[in-house]
Each structure stands twice: as structure tokens, then as C-alpha cells.
Amino acid sequence: MRVGVLTGGGDCPGLNAVIRAVVRKGVKTHGFEFVGYRDGWRGPLEGVTMELGIEQCRGILPRGGTILGSSRTNPFKLDNGVGRIKDNLAKDGVDALVAIGGEDTLGVATKLADLGVDVVGVPKTIDNDLSGTDFTFGFDTAVNIATEAIDRLHTTAESHHRVLVVEVMGRHAGWIALHSGIAGGANIVLIPEQPFDIGEVCALVESRFESHYAPILVVSEGAVPREGGDMTLVSGDVDEFGHVRLGGIGDRLAKEIEARTGKEARAVVLGHIQRGGTPTAFDRWLATRFGLQAIDAVAEGDFGTMMALRGTRIDRVPLAEGTGELKLVSPEEYAEAQVFFG
Ligand code: F6P
């Protein structure tokens, strides 16, 4: 059997660990051959491939990024996209695909599976917002990076009696903000699921100063003020999946807090630092186990499935279960962090 492998969407630490596990077990246990498709769905769409075997996977376990490259190409937005993919798979002699991606890449995989393409999915995203799985790999690394940043910001905020606002990734879901905020002892955490009131935020900032500490706010890039309007968050264009580029909420908050409280406030945007570099041990472990299970699913002909972490087990769930609805922070989970606000 010949198996195509691709990685799509925003990159994330652990992608290479999945590729390595898929190829190692695929070759050694199942006797498969592999084709690497470059840059997400662009690879099978345009027939852009690279050699992929055990040799290409040597030394990549701890490496961030993806040796296959990535893109946000959406074949369903292009003329005869599905037909072109099917033609290229046939031309390359590829019998099955392993697609590693988030809601968009796996959303495409879900539709392709319905259209007769033999595909299994592996969930990835630093945002941890895919349903069906307890965690996605990449998330733990992002949370650790954000937590280290918060730890460092505490000491400089104290020294200068300043407010420090840390903007982290998280378009629709506040998982990175919530986990790093709790782990780093943030004084306020703002997430997309819970629109914030700027007056309440300023009151918490002031109460923190009253106890002679400097406040650290962690804010997801997708957080929105309750009153809407005024604090615009959008910068840039829409990608092929219709997502706007977010950014700027940290800066807007810092300016607003400074204007309302008279306390000096600065913003730090962690941005792509959260996505780059070496994965944590947990993410390597999870990515590797997803990869091993994915290639077994291919061998068993269990297509249209996505790998999912359930407790400590790796299960297979229908692709649609992972991509149907985003996994968001519940009010109860948010309330746990609120105990530490102010
Ligand atoms: O979906 C993962 C993610 O890192 C989001 O948190 C973020 O909004 C987005 O990707 C950024 O995308 P890009 O790398 O294309 O700017």
C-alpha cells in the first residue's frame, strides 16, 4: 500500500513526531510505502510531493514545524479542487491519506471522506479547540511557553509597579489563556467565550495594586469586550477558510487600562513564539501515539476516522465528531480561574 501524508493549517510543535511515527510503524509493521505531500492540501491539489521514508524521518522527533511544510489551502474554494486531488492521488499511486491538521484541514478531510477518498485524520492545534479529543498536541508546548513568559513578566511588573498584559493565541477558544493563566498565577484571564467588561477589568487592576502587587492580565487574541464596537480586534484579510487575522487586543486593553486607572500598562504579544521550536515531552508522546494509531487505522481500512485522546487511551472517532463543533472553555472551567482574579 502507498500512503500519502500531509500537514495543513497553522504549524504546531509535534507535527514531525506524528510523521515519524506514521512512517516508522507503516514501514516496519505494515510494509507500506509513503509519499510526502507538501504544504497541506496544496500538495495533492497541485501534485507537489517529496520523498518520505525512514531516512527522511531521522532526527525529526524533537524538531518544531513540519518537514512537509504547511498552508491554509482550501480545495473546496478552488475550481475542480476535489477532482484534481483524486487525479493526483491516482497518478501518485496513493491508496490512502493521513491528514494531520486542525478544524480546517480535518474539515476538508471529512468532506473528502464523504466523497470517497480513503483518509484518516490526526488532530493538531495549539488552540486545543477540536472536539472529540481531550487534548491536541502542540497545546502543552504553547501553554508552557506562555507560562514561562508570565513567570518572567511578574518580576518586571513588580519592579516597575506596572500592569502587564500578555496576549496569547486562541481565536475562538481560551484554552491557552486559561491554562497558562492558572499555571502562571495571572490576576485576570480574558477569553473569547466570556466577553469582558472593561470597567470590571479596571476594578480588578486597582484592587491588585491595593494589595501592593502589580497585575498580570492574560488575554486570548480572540477576547472581546462586552460592549462590542469600540475596541476593534481585527487586522488584515480573510484566509481561504474565512478566518480573519486577529491581533491587537492586548495593546488596546493596555491603553484603555492606562487611560482609566492612571497606572502605567504595557502589552506583550507572544504570537508565533507559542507555535515554534521543540515540543514538550507530553506533546511528543501524544503526537507519537496519534501517529501509531493513525497508521493502524489505515492498515485496518478504518477510514473517515480521527485519532482522539480519551483519558490515557487513543481512540478513533468519526472525523465529523472532531470537526463538527469547536471545543470551548465552559463557564465552570472559567470560574475556577476567577477565584484568583484581582
Ligand atoms: O489555529 C492556530 C493559530 O495559531 C491560532 O491560534 C491563530 O489565530 C492562528 O493560528 C494564526 O494564524 P497564522 O499563523 O496564519 O497567522
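In this predicted model, a side-chain N or O atom of D127 sits 2.7 Å from an oxygen atom of the ligand, a polar contact (a pair of N or O atoms within 3.5 Å).

Who else is around? The ligand's surroundings also include R72, I126, M169, G170, R171 and R275, where being near takes a heavy atom within 4 Å. Sorted by class, this shell holds five charged residues, two polar ones and two nonpolar ones; Asp, Glu, Lys and Arg count as charged, Ala, Val, Leu, Ile, Met, Phe, Trp, Tyr, Cys and Pro as nonpolar, and the others, Gly among them, as polar.

As for confidence, the protein chain has a mean pLDDT (the predictor's confidence in each residue, from 0 to 100) of 95, with 97% of its residues at 70 or more. Residues 230-234 fall below 50, and this stretch has 14 contacts in the model beyond near neighbours in sequence (heavy atoms within 4.5 Å).

Residues are numbered from 1 along each chain as its sequence is written, and side-chain values use heavy atoms, leaving out hydrogens and water. Local features need pLDDT of at least 70 and side-chain atom pairs 80 or more, while totals for chains, interfaces and linings use all residues.

Conventions:
A polar contact is a pair of N or O atoms within 3.5 Å; within protein, one must be able to donate a hydrogen and the other to accept it, and residues adjacent in sequence count only if both atoms are side-chain atoms.
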